[in-house]
Amino acid sequence: MKTIVRTATQEPDKDVKQQGPTTAKERHVILDALRGLALLGIVLANYPEFALWTFLSADEQQAMPTAEVDGVVRYLQYMLIDGKFYTIFSLLFGVGFSLILSRHSVSLFLRRMLILVAIGFCHLMFIWSGDILLLYAIGGLLLPLFIKLKDKVLLVVAVALIVLPVGLDALTEFAGIDFARPFYQAWWAEASRQGITEENFATWLRDANSYGQMFAFLLQGACERMWEFVGGHRLPKVVGLFIIGYLIGKHRLYVRFESCQLHRLCLVSLGVGIPTSLLYAWSATQDHPWGLTVHSLLYAVSVVPLALGYIAIFCLLFLRTPKNRLFAWLAAPGRMALSNYISQSLIGVLLFYGLGLGLGCSVGLVYIELTALAVFVVQIIFCQWWFREFRFGPLEWVWRVLTYGRRFPFRV
């Protein structure tokens, strides 16, 4: 049957606008599996902060029984994980944008992003200060500004946005223009108002025995997160990645692997990404000996290439063994990525904060990462069961109902 592929800039006709969300049969396994892979990397990246290990001083980290192994794990984390999997997630977000525009209007996508703003805000303020959903939603609201640009212009804009932080960090380092300073001052002003200091910062959440104490930390944590977003120039980075993902989705490259030259992409991406990631990891573990600008440059030229290399390897493996159960295992959590992302936060709170088991600050990095891996395995098992009973993840279902303004069947 001949298939007509609508470009993302074309206005969907009336019958297309009335369609609901993507059904299980319409989902592409490779996208869900990649989203699951990204979730694995995200929990490995986030749990050292949940476990409060990253807040400990260097001396306190060295006092851990696993300190020697932790040093190796930390280096590997910077090299192989840091930034790579949120990059994959960002690219997939852009692909999802193109899929929505091929079926619906821009206004529906904007409504979807406004709902995500609310979800991200609640996650940031009431569960975890390390939320990324709010940033994604704000970046998503900007995406429609770019859809009428030609592909080559879009690609140039995307690359420019990804490397823009290098120039901004150079202004900070060499011209003394600190864009994030007001946010840094607001952060510590709020922390001081809550009684949080550098001395009790690492142990506050571990010792918190009430949600009121945890919420006090979350209030200053929200200010800290804004400082991180501005100081790390996160918005241009994610929007640049969204645009690249949009181009991938617009041309349906996720189902046209033969046109992607995956072997060449793999060789080039790994050839660039591995050595630069080695340098980036060394710079990060040595507290940026070459300065902020060089460190920012190393981040830009290591994170994106290595993430693309991961995607290329994953797609090549899928081409060779599409029935491999690995893809089904990863696709299940990928289908309910929002619910799993939020549940990773809730599990982290229960494991490491004083409201739960209070394990924060008490275990080394190697055990933290093993815990994160175990959490993801549990999520895979749970999601396999869930989709035998239900059509959507719980938060995905709510998000869709609010987006489309009508109720969808929930149970299978």
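Student: Okay, contact means heavy atoms within 4.5 Å. With that in hand, what covers the buried residues of H13?

Tutor: The cover includes helix H4 (67-81), H5 and helix H14 (292-320). Keep in mind that this is a predicted model.

Student: Which residues of H13 are buried?

Tutor: Leu262, Cys266, Ser269, Leu270, Gly273, Thr276, Ser277, Tyr280, Ala281, Ser283 and Ala284.

Student: How far apart are the end C-alpha atoms of H13?

Tutor: They are 32 Å apart. Helix H13 covers residues 262-285, which makes 24 residues. At 1.5 Å a residue, the span should be 34 Å, so the two values agree.

Student: What comes after H13?

Tutor: Asp287 follows H13, and its phi is positive, near 65°. His288 also has a positive phi, of about 55°, although it is not a glycine.

Student: Where does His288 lie?

Tutor: In the loop between H13 and H14. His288 counts as partly exposed because its relative accessible area is 31%.

Student: You listed Cys266 as buried. What is its relative accessible area?

Tutor: It is 12%. The cut-off for buried is under 20%, so Cys266 counts as buried.

Student: How many disulfides are there?

Tutor: The count is zero. For Cys266, the nearest cysteine sulfur belongs to Cys315 and is 10 Å away. The cut-off for a disulfide is 2.5 Å between the sulfur atoms, so Cys266 is in no disulfide.

Student: What is the phi of Cys361?

Tutor: It is positive, about 70°, although Cys361 is not a glycine. Cys361 sits in the loop between H16 and helix H17 (365-389).

Student: Is Cys361 buried or exposed?

Tutor: Buried, because its relative accessible area is 13%.

Student: Back to H5. Where does it run, and which helix holds Thr87?

Tutor: H5 spans residues 84-101 and holds Thr87. Thr87 counts as buried because its relative accessibility is 1%.

Student: What does Thr87 touch?

Tutor: Leu241, Val303, Val304 and Ala307. That leaves out residues up to four places away in sequence.

Student: New topic, H6. How far does it reach?

Tutor: Helix H6 (residues 106-126) reaches 30 Å from its first C-alpha to its last. It has 21 residues, and the reach is close to the 30 Å expected at 1.5 Å a residue.

Student: Which residues of H6 are buried?

Tutor: Among them are Leu108, Phe109, Arg112, Met113 and Ile115. Gly120 and His123 are also on the list.

Student: What do the buried residues of H6 pack against?

Tutor: They pack against H5, helix H7 (133-142), helix H11 (211-231), helix H16 (337-352) and helix H18 (394-404).

Student: On to charges. How many salt bridges does the structure hold?

Tutor: Six. One of them joins Glu190 and Arg193, with the closest N and O atoms 3.0 Å apart.

Student: Why are Glu190 and Arg193 separated by about one helical turn?

Tutor: Because they are three residues apart in helix H9 (residues 181-193). An α-helix has 3.6 residues a turn, so residues three or four places apart point the same way.

Student: Is Glu190 buried or exposed? What about Arg193, buried or exposed?

Tutor: Glu190 counts as buried, at 14% relative accessibility. Arg193 is exposed, with a relative accessible area of 60%.

Student: Which side chain does Arg225 meet in a salt bridge?

Tutor: That of Glu228, at 2.8 Å from N to O. Both lie in helix H11, three residues apart, about one turn of the helix. Arg225 is buried at 9%, while Glu228 is partly exposed at 25%.

Student: And Arg206, what does its side chain meet?

Tutor: The side chain of Asp207, in a salt bridge of 3.0 Å, N to O. Arg206 is partly exposed at 30%, and Asp207 is partly exposed at 43%.

Student: Last thing. What pLDDT does the chain average?

Tutor: The average is 91, and 92% of the residues score at least 70.

Key:
Residues are numbered from 1 along each chain as its sequence is written. This is a predicted model: local features need pLDDT of at least 70, side-chain atom pairs count only at pLDDT 80 or more; totals for chains, interfaces and linings use all residues. Side-chain values use heavy atoms; hydrogens and water are left out. Helices (H or I, at least four residues) and strands (E, at least two) are DSSP runs, numbered from the N terminus. Buried means under 20% relative accessible area, exposed over 50%, partly exposed in between (1.4 Å probe, protein chains only). The expected span of a helix is 1.5 Å times one less than its number of residues. A salt bridge is a side-chain nitrogen of Lys or Arg within 4 Å of a carboxyl oxygen of Asp or Glu. pLDDT is the predictor's confidence in each residue, from 0 to 100.
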